[in-house]
Amino acid sequence: MNNEWQNFLKTQGAKITVNGTAEFPQPGAGTCTLFDLSHLGTIAVEGPDADDFLQGQLSNDVRELTETHSQLSSHCSAKGRMLANFRMIRRNGIIYLQMPQQTMPPLMKRLSMFKLRAQVDLSDAGDRLVCIGLAGDCAVELLNEEAGQTPELEHAATRHGDITLIRIPGSTFRFEVMGPAVALSNLWKRLAAGGATPANADRWDLLDIQAGIPTVHASTVEAFVPQMTNMQLVDGVSFTKGCYTGQEVVARMQYLGKLKRRMYRAEVATDRCPQPGDELFSGASESGQGTGKVVASAPSGEGRCELLAVVEISAAEQGDVRLGETGPELEFRELPYAFPEPQAASS
């Protein structure tokens, strides 16, 4: 985390954890919440060959990434399994890849292996930029007043001086703000004075879950093909861009295969939220093995957690899916987007 930003957060009552993230002793739970997003790491990709280099490595079409449009994307293994997924942001001609801190160093190391003679540099942007979030009915009015006109469309971005505003999908108005520490420190104070209360990262994660946005964590690296986590439904995969690492497997799944597992949103009664990668089980499982894996989870109330999970479609349709072999049963909830019609072809 940026030291200047870290010191500022301490003046706002935050405790900095051993992982470098901020925790507030009395986090806001209202309708206007302010977030430190230091739990997310950012890789800066720059140089004359940056676009062409990433185009050959990522699942989405880098040509559609602009200063006014961010996008979700992923980097896959040769077997089409996601090694990381992230939000891509173009700012001052530099492309930023934003993802959980734990998955950032391995991804940067792996991408560097593919550079060869390409004129491209990859670096940790944590000392250069910091990110905050604002969510709730207050978000549009507050940001319009304190930071400039907010983007109206999901994934859209606007620039105001040193600050970039990005509209994040979801039923709740939600924005990410990126910029240097000084600019965001001043903005944070103005937003707090306007009624926004600081909240912890798990609440931001909950909003991602409710929006159906998947996250690859260190424990789920290579666990999922993009379509298993609905990446194609959140504009995270291009099927027209051409070749990239793992593209053949991803395309074959889309056009020739039959998807047997996909990501669902669910709620479960438990005092301890499951962790990414935790196994799910069902008596209706077709495989005779684990029925699925947890993608992400976050507290949603006292004794309750919401989660995203990749589950065998047949088991999810019957509704008998549990945490562990004898754990509580998942209660499935609606996602904000629809699943496509079943494919006629089989693998």
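**Close-up views of the predicted model**

**Figure 1. Hairpin of β6 and β7.** In the predicted model, 2 residues lie between the strands of the β6 and β7 hairpin, and Asn-92 adopts a positive phi near 55°. The strands β6 (82–91) and β7 (94–100) run antiparallel and are joined by 5 bridges. Within this pairing, Arg-87 stands opposite Gln-98 of β7.

**Figure 2. Strand β7 and its pairing with β4.** The strand β7 also runs antiparallel to β4, to which 6 bridges join it. Ile-43 has Leu-97 of β7 as its bridge partner. Because 7 of the 7 residues of β7 are buried, this strand is largely enclosed by the rest of the structure.

Figure 3. Helix α3 comprises residues 104–113, and its buried residues include Met-104, Leu-107, Met-108 and Leu-111. These residues lie on the same side of α3 because they cover an arc of only 100° around the axis. An α-helix has 3.6 residues a turn, so residues three or four places apart point the same way. The exposed residues Lys-109 and Met-113 are carried on the face of α3 turned away from its buried side. The cover over the buried residues of α3 includes β4, α2 (50–55), β5, β6, β7 and β8 (121–124).

**Figure 4. The largest nonpolar core.** This core contains 44 residues, of which Phe-35, Tyr-96, Phe-224 and Val-295 touch the most other members. At least two residues each are supplied by β4 (40–46), β5 (71–76), β6, β7, β9 (130–136), α6, β16 (292–301) and β17 (304–312). The largest share of the core, 4 residues, comes from α6. A second, separate core has 28 residues, among them Ala-22, Val-130, Leu-187 and Leu-191.

**Figure 5. Surroundings of Val-295.** Residues up to four places away in sequence are not counted here; beyond them, Val-295 touches Pro-214, Thr-215, His-217, Phe-224, Met-263, Pro-276, Leu-308, Ala-309 and Val-310. Of these neighbours, Phe-224 is, like Val-295, one of the residues that touch the most other members of the largest nonpolar core.

**Figure 6. Helix α6 and the residue Gly-212.** Helix α6 spans residues 201–210, and its buried residues are Ala-201, Trp-204, Leu-206, Leu-207, Asp-208 and Ile-209. Gly-212 follows α6 and has a positive phi, near 70°.

**Figure 7. Thr-220 in the loop between α6 and α7.** Thr-220 is placed in the loop that lies between α6 and α7 (247–255). The relative accessibility of Thr-220 is 0%, and the residue therefore counts as buried. With residues up to four places away in sequence left out, Thr-220 touches Met-82, Thr-215, Pro-276, Gly-277 and Val-294. Thr-215 and Pro-276 are also touched by Val-295.

**Figure 8. Overall setting of the close-up views.** The protein has 8 helices and 19 strands. Its C-alpha trace spans about 55 × 55 × 35 Å along the principal axes. The radius of gyration is 20 Å, which agrees with the value near 20 Å for a compact globule of 347 residues. Buried residues account for 55% of the 347 residues. Among contacts with a separation of 6 or more, 69% are between residues 24 or more positions apart. The protein exposes about 15600 Å², of which carbon and sulfur atoms supply 48%.

Key
Residues are numbered from 1 along each chain as its sequence is written. This is a predicted model: local features need pLDDT of at least 70, side-chain atom pairs count only at pLDDT 80 or more; totals for chains, interfaces and linings use all residues. Side-chain values use heavy atoms; hydrogens and water are left out. Buried means under 20% relative accessible area, exposed over 50%, partly exposed in between (1.4 Å probe, protein chains only). A nonpolar core is a set of buried Ala, Val, Leu, Ile, Met, Phe, Trp, Tyr and Cys residues joined through side-chain atoms within 4.5 Å. Contact means heavy atoms within 4.5 Å. The arc is that of the directions from the helix axis to the C-beta atoms. The radius of gyration is taken over C-alpha atoms; the globule rule is 2.2 Å times the number of residues to the power 0.38. Accessible areas come from the Shrake-Rupley method with a 1.4 Å probe; for residues, only the protein chains shown count as cover. Two strands pair if DSSP finds at least two bridges between them.
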